[in-house]
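Colleague: I am new to this structure, and I would like to understand the words used to describe it. Could you show it to me before we begin?

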Amino acid sequence: MLPVALFGISNSGVNLALDLLILFLVVVWLALVYWTYADARRRISDPMLIGCATAASLFPFVGTLVYMIVRPPEYLDDVRERELEIQAAEARLAELGYHLCPHCDFEVEKDFLRCPNCMRKLKDPCPVCTKPLDPNWKICPFCEAEVGGPPPAPRRTRRRRESGSERTVAGLAESSGSGPTPGRAERGPTS
């Protein structure tokens, strides 16, 4: 009994070649599905996106091709390694005394009172030894002088209003022409 011919081909040699070609394409397709899954796990941290990339690769060859176009350019390990290198470099710079102005990112030294670039105030001088102090310090670490916060704004004094009975008495006295009431000073030109 002859096997059913695929694509209507009755020659057994050509039929075998087509079967092997189809088997080869299925194996390559399954390998691409696995490769997409493995690559997505190395590049993407979100499990939902990994599943979506793998599901897209189930469309033969096209899904993997689309994944290759839109995949992140770096591996997660490379991203973590770069972040660690940046943190280590920042720590080394902090040890060396490398500081930046918080306003303009100009390089300043730790004892600068003002930024030479933007002229903004970085620190206040100690009133006793004039060394630079951090605004949050309550005491100067160099001379042990107490550093108060900024002086409180002067309070505006309000004039005391006369009560209603004093006003009527003062008004009656002025209208009668008897002169100023005792306790009230006359206003005159001052020099």
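**Terms and values**

Modeller: The protein chain exposes about 16,100 Å², of which carbon and sulfur atoms supply 60%, with accessible areas taken from the Shrake-Rupley method with a 1.4 Å probe. This is a predicted model, in which local features need pLDDT of at least 70 and side-chain atom pairs count only at pLDDT 80 or more, while totals for chains use all residues. Residues are numbered from 1 along each chain as its sequence is written, and side-chain values use heavy atoms, leaving out hydrogens and water.

Colleague: What makes up the order of elements from the N terminus on?

Modeller: The elements of the protein chain run α-α-α-α-β-β-β-β-α, where helices (H or I, at least four residues) and strands (E, at least two) are DSSP runs.

Colleague: How many of the residues are buried, as a percentage?

Modeller: Buried residues, those under 20% relative accessible area, make up 14% of the 191 residues in the protein chain.

Colleague: Why are α1 and α2 called roughly antiparallel to each other?

Modeller: Their axes, which are lines fitted to C-alpha atoms over the stretch in contact, with angles running from 0 to 180 degrees between N-to-C directions, cross at roughly 160° and come within 9 Å. Angles over 145 degrees count as roughly antiparallel, and α1 and α2 are therefore roughly antiparallel to each other.

Colleague: Which residues make the contact of α1 with α2?

Modeller: V33, T36, Y37, A40 and R41 of α1 meet I50, A53 and T54 of α2, contact meaning heavy atoms within 4.5 Å.

Methods
Buried < 20%, exposed > 50% of the residue type's maximum accessible area, 1.4 Å probe, protein only. Parallel < 35°, antiparallel > 145°, perpendicular 65-115°, else oblique.
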